[in-house]
Amino acid sequence: MSTRARRRGRARVLINCAASLDGKIAYADGSRASLSGPEDLRRVHRMRNSVDAILVGIGTVMADDPSLAVRPEFARPRRRAPTKIVLDSSCRTPAGARLLSSPGRAVVVTAEGCAGSVQGAEMVRCGGGRVDLARLLALLPGRGIESVMVEGGGTVIRSFLAAGLWDRMTVYYAPLVIGGGTTPTIADGDGATGPGGIVGARITASRGLGDGLLVTFRPLRRRGSGR
Ligand SMILES: NC(=O)c1ccc[n+]([C@@H]2O[C@H](COP(=O)([O-])OP(=O)(O)OC[C@H]3O[C@@H](n4cnc5c(N)ncnc54)[C@H](OP(=O)(O)O)[C@@H]3O)[C@@H](O)[C@H]2O)c1
């Protein structure tokens, strides 16, 4: 384990997603929207290629069936492909999910009370009703995973943000509007009902990328935390 991972006490978390100008990350019915242009796809695949693991929630597996692979037309895949992690408390990952057969280890993380297993995936049990993110991130470095790219969806992103378990977030804003009151957004789940529930961030970079805008956020520094 590297000194940095030991000092942090958990894997590093890099959140990434693509959104419309109004913050939607899919179509109104939850189906996948292609929001990234070629320039952003190249960036995403290079980022995938640079981390130890890529993580999604079971909602994304059900809606999009992503392979989470590094596409060779965008980045030259490393010899050891990143591990693919699914947060899936009650083990609903379908046997034919694409991420189970794409390059790299697949890990399905369930709650402790769940006895299910998925063929082709390593099972990790962690947490009571839902996967305990803090515990999961703390055990990953011991398994050789020091950096995790969280690719969504909105429920999972909100959980990482709300728990303060993130180090950097990149959002690619495509110049279009999807609209809709229940369309999936960057951060779903339970929203803040007052100032106490707000997740503060600071913008550390922004630049045009293709037709869109790439914005990088970091957590607000807490006074005296030294981060
Ligand atoms: N544009 C983009 O960049 C992008 C990327 C990815 C996905 N998407 C879109 O996002 C949508 C799917 O998002 P979603 O919000 O429905 O699902 P999601 O965030 O992918 O998965 C949510 C599920 O993960 C499980 N989970 C387990 N532990 C959790 C924890 N600690 N915190 C939060 N969730 C936990 C929960 O199900 P259990 O309780 O059953 O475990 C939860 O319902 C789709 O429409 C997809 O197209 C867009």
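Let's start with strand β7 (residues 168-173), which is mostly covered: five of its six residues are buried. Buried here means under 20% relative accessible area, with exposed over 50% and partly exposed in between, using a 1.4 Å probe on protein chains only. Strands (E, at least two residues) and helices (H or I, at least four) are DSSP runs, numbered from the N terminus.

A quick word on the model. It is predicted, so to speak of local features a pLDDT of at least 70 is needed, side-chain atom pairs count only at pLDDT 80 or more, and totals for chains, interfaces and linings use all residues. Residues are numbered from 1 along each chain as its sequence is written, and side-chain values use heavy atoms, leaving out hydrogens and water.

Two strands pair if DSSP finds at least two bridges between them.

| Partner of β7 | Sense | Bridges | Residues standing opposite |
|---|---|---|---|
| β1 | parallel | six bridges | Leu14 and Arg168 |
| β9 (residues 212-219) | antiparallel | five bridges | Tyr172 and Leu214 |

As a rule, side chains in a regular strand alternate between the two faces of the sheet.

**Helix α5**

Helix α5 covers residues 154-162, and its buried residues are Gly154, Val156, Ile157, Arg158, Phe160 and Leu161. Contact means heavy atoms within 4.5 Å. Just after α5, Gly164 takes a positive phi of about 70 degrees.

**Pocket and cavity**

On a 1 Å grid over the protein atoms alone, a cavity is a set of points where a 1.4 Å probe fits but cannot get out, while a pocket is an open set with protein on both sides within 12 Å along at least five of seven lines; lining residues have an atom within 4 Å of a point. Grid points are joined across faces, edges and corners, and a volume is the space filled by probe spheres set on the points.

The largest pocket has a volume of about 1200 Å³. Its lining counts 48 residues, and Val56, Thr60, Asp64, Glu151 and Gly152 lie nearest the centre. Two or more lining residues come from each of β1, α2 (38-50), β2, α3 (58-64) and α5, with α2 giving the most, six residues.

A search of the whole structure turns up one cavity of 30 Å³ or more. Around it sit Arg105, Val107, Glu122, Val124, Leu140, Arg143 and Ile145: four nonpolar, no polar and three charged residues.  In this scheme Ala, Val, Leu, Ile, Met, Phe, Trp, Tyr, Cys and Pro are nonpolar, Asp, Glu, Lys and Arg are charged, and the others, Gly among them, are polar.

**Two loop residues**

Thr183 lies in the loop between β7 and β8 (201-209), and counts as buried because its relative accessibility is 3%. A polar atom of its side chain lies 2.6 Å from the backbone oxygen of Gly179.

Arg78 is found in the loop between α3 and β3. Arg78 counts as partly exposed because its relative accessibility is 33%. Leaving out residues up to four places away in sequence, Arg78 touches Arg48, Asn49, Ser50 and Val51.

Notes. Polar contact = N/O pair within 3.5 Å; in protein donor to acceptor, adjacent residues only side chain to side chain.
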